[in-house]
Amino acid sequence: MTTEDADSVHIQTDEQLRAVASHTRHRILRVLRDGPATITQIAERLGIAKGSSNHHVKVLAKAGLVAVVETRKVGGVTEQYYAMTGRRIELPEPGSGQPETLMRHALADVEDAPLNEQKTIALNHARLSPEAWEEFNKRVEALMAEFRELTDPTQPAADLFIAFYRPKDV
């Protein structure tokens with residue numbers, strides 16, 4: 001499902017695909033969804049080395065996924081603040097057998113999330129007619145749109161990870 005949105009970055013090049021294929025870069029994009037940050041701030045939030053943060057941010061910038069949005073002089077040093085170039089990243093439709101890169105990263109984030117009352121995980125199965133499939137898919141899309149509208153930058157991040165699909169029956 002692709003949402004045409006002027007505020008989306010549409011991944012089109014191999015360089016962009018490689019940039020989003022790294023879990024560390026995925027985590028950096030999550031940090032930048034909350035607002036602009038410096039290389040040092042990103043490294044501190046993720047618990048990684050500043051050099052690693054710098055490398056990954058440069059890869060994202062070269063791919064056009066992040067950009068410098070502000071510079072500040074602090075004690076003789078120029079700090080650069082990076083931000084995402086769009087609110088969402090849209091991947092091309094995968095070919096048969098290709099992994100859903102961002103979904104794999106999101107699953108890794110789910111596994112790393114703290115166990116508490118603010119984590120709901122379920123796997124459900126149903127047999128659906130084509131008509132029931134379409135109706136339920138519309139409801140899922142509406143729920144995702146509603147979720148995006150609820151965003152409040154002053155609140156902690158929350159992710160909605162949905163995979164609605166027909167498995168390959170054996």
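The model is predicted: local features need pLDDT of at least 70, side-chain atom pairs count only at pLDDT 80 or more, and totals for chains, interfaces and linings use all residues. Residues are numbered from 1 along each chain as its sequence is written, and side-chain values use heavy atoms, with hydrogens and water left out.

Start with the rings. The structure holds two aromatic pairs. Trp133 and Phe164 form a stacked one, 4.0 Å centre to centre with 15° between the planes. Rings of Phe, Tyr and Trp (its six-membered ring) pair if their centres lie within 6.5 Å; planes under 30 degrees apart count as stacked, over 60 as edge-to-face and the rest as tilted. This pair links distant parts of the chain: Trp133 sits in helix H6, Phe164 in the segment after H6, 31 residues apart. Trp133 is buried, at 18% relative accessibility.

Now follow H6 to Phe147. The helix spans residues 130–149 and includes Phe147; helices (H or I, at least four residues) are DSSP runs, numbered from the N terminus. Phe147 is partly exposed, with a relative accessible area of 32%.

One more ring contact remains. Arg72 lies over the face of Tyr81, at 4.4 Å from the ring centre. The criterion is NZ of Lys or CZ of Arg within 6 Å of the ring centre and within 35 degrees of the ring normal.

Definitions and conventions. Helices (H or I, at least four residues) and strands (E, at least two) are DSSP runs, numbered from the N terminus. Buried means under 20% relative accessible area, exposed over 50%, partly exposed in between (1.4 Å probe, protein chains only).
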